[in-house]
Amino acid sequence: IMRYTQPLTRAGDALEFRYPANRNTPTAPVTFTLTAENGAQFRDAVSPTHDVAVRRDRGRMVVRPVVNGRTDLALLLPFAERDVGIVVSTHRAATSEDGYFMLRLSPGEVETSKRVARDVTIVMDVSGSMSGDKLVQAKAAMRQLLGTLGPADRFRMISFSSSSSLWREGWTAATPTELRNATRWVEELRANGGTNIADALADAFRMTPQAGRLNVVVFATDGQPSTGEQDPDRLALIAERSTGTRVFAFGVGHDVNTQLLDRLGAAGRGSAQYVQPGESVEDAIGGLAARIQYPVLTDLTLKATGVTLREIQPIRLPDLFSGEDLVVFGRYRLSSVRNAAATIEITGRRNGRVERYSTKVQFPSHTESNDYIPQLWAARKLGELTREVRLNGRNPELVEEIRATALRYGLLSEYTSYFVTEPGMAPPIVAQGNAGGRLIPRDQVASRSVVSGQTIERLSGADAVAASEAARARRETASMAQLQSAEKAAEARMAGVPAAPPPSVRADGSATAAPVEGGQRIVAGRAFMQRSGVWEDAASGKQKVLEVAVYSEAYFALLRALPELKPYVAELSQVSVAGKSVTIRLTSKGETQLTAAQIAKAVTDFRGPTREP
């Protein structure tokens, strides 16, 4: 057992701890325990890299990874003194690019008087196909939702089959007597008839949201519209025209129109979730009920002074609920070559009042720490881009953005090549197939609909539900553990697909190249694949190439001029790294001498004319 002490760095309203794993020692995984003796000063620790278990013991906070491993561990210990803590972590290994940030909002326990009052509308499908266990579970879910309502809340209930039926006109205060009356109405529901989604949505959005209250619609169905209006676009417009309403849509089984439900979930700041056959409707809706029980802030906005924040994911910030951290990813751009001392401000509304929370953050011009952030940001972006394709259809620019993002960050997508492993190899993120050790362009895979780029927009069926859930998992990714789970699910969707690629192809799928023989690595947020002994940057395109011999005079001069190359040469002996307009290859052959002018040009080409270290 090794015990040691280290000073922790400040990350906004939290302390940040890192434990670097020794990846080069093939020993058993390291077991790890962190103990904070003054645990009352902190909220529960969270990790953007691992699933962790937190235990409180006589004033101490004890933190352990759920699964011990060989990867770097990062922990955040949010301070407990603020209603809403703001924690910011950053990464910027290459000064030729914008940096990356992860922002975590950590709400504390909020007094009942400070919680946002809610107006909750429960809309439940009771058509004939919901008979049996599904209806039993749906009733239990409605009871759970009713059980989470507080004295300041109001509610409405709607059931629908061939037509829509309201329990009562207008809003009802969530008093114990009225909740008992509503429960009796739920118990009397019976399943029969068709599926009139149009009438149900019209009734659900008939009431105008009241300022100062959080308006929530929970909508659940197990089928496609069979009565009344059936066009998904026209049906979705009913919800999209209602501003200020949060819609949480649930699809039960595979016979649902995923495009419709996804569009309902995209209205406002809600979501769409699917309950697989055999899964519990009660558990799914009950989980949502618990999560949104105590709103803290609504209508959130993010503002930065001293640094430019861009490409923020999610694009529209969801509401903040007590007991649940809100995690945001994005890019940052500095106005000069120096570190930026910035102020991050979060503005939200609570019961009609505007509230602001801010913290001071250092945005560095260069840092190799937190190299998990780029992939997490890219996963969020891919999830959003994929949803956009599903909702609005494909266009060449959108497909190219998905392809480039997936390739650059080593993630799976319906439009890019993916790596197939040799037996016994275990790269961080892979997809299955039968071509062993090659990059396979998606358009050359003889595939079923689950991986065909032409079927990403399919509306219903198991494949459509799986694709929608995969996109949602990526949009909600907040840690490397969650990302690995999402990528494994995507890998499972693509498993067993017969592949018939050419003998070998390029990473971008556009031309032939030598086979990939050594796996895939993610270093400082970039994906690399080994080919002919060199780790190739997956983002390399048709740029000019500067090849320099490793350990030569030119090699060391280049590293001094471009220190952002150091993370890659530290992990990968021979490597190519793509810059703005040049790819630098550091291999056993190449230039051994470079003039000062050549090095200066390489720096400008790699970083771009306006970027400096």
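Predicted model: local features only at pLDDT ≥ 70, side-chain atom pairs only at ≥ 80, totals over all residues.
Which residues touch Pro567, leaving aside its neighbours within four places in sequence? The contacts are Ala93, Glu368, Val523 and Ala524. Ala93 is 474 residues away from Pro567 along the chain, yet their C-alpha atoms are separated by 7.6 Å.

## The largest nonpolar core

The largest nonpolar core has 37 residues. Those that touch the most other members are Met142, Leu146, Phe155, Met157, Phe250 and Ile285.

Helix 1 gives the most, with six residues.

Met142 can be followed in detail. Leaving aside neighbours within four places in sequence, Met142 is in contact with Ile122, Met124, Met157, Trp185, Val186 and Leu189. One of these contacts, Met157, is also among the core residues that touch the most other members.

## Helices 7 and 9

Helix 7 (residues 373-392) and helix 9 (residues 462-475) have axes that come within 7 Å. The axes cross at roughly 145 degrees, and the crossing is left-handed.

On the side of helix 7, the residues that meet helix 9 are Ala379, Arg380, Leu382, Gly383, Glu384, Thr386, Arg387 and Arg390. Helix 9 contributes Ala464, Ala467, Ser468, Ala471, Arg474 and Arg475. How many residues of this contact are nonpolar, polar and charged? Five are nonpolar, three are polar and six are charged.

Strands of a sheet pair through backbone hydrogen bonds, either parallel or antiparallel. Here, an open sheet of three strands has the order 3-5-4, and its pairing is antiparallel. Strand 3 (34-36) and strand 4 (52-57) are the edge strands, each pairing on one side only. On average, neighbouring strands of this sheet are turned by 20 degrees against each other, direction ignored.

Strand 5 spans residues 60-65 and is joined to strand 3 by three bridges. For Ala36, the bridge partner in strand 5 is Met61.

Key: Residues numbered from 1 in each chain as written. Heavy atoms only, no water. Pairing = 2+ DSSP bridges. Helix = DSSP H or I, 4+ residues; strand = E, 2+ residues; numbered from the N terminus. Axes fitted to C-alpha atoms, helices over the stretch in contact; angles between N-to-C directions. Contact = heavy atoms within 4.5 Å. Left-handed = near helix turned anticlockwise from the far one by under 90°. Nonpolar A, V, L, I, M, F, W, Y, C, P; charged D, E, K, R; others polar. Core = buried A, V, L, I, M, F, W, Y, C linked by side-chain atoms within 4.5 Å. Buried < 20%, exposed > 50% of the residue type's maximum accessible area, 1.4 Å probe, protein only.
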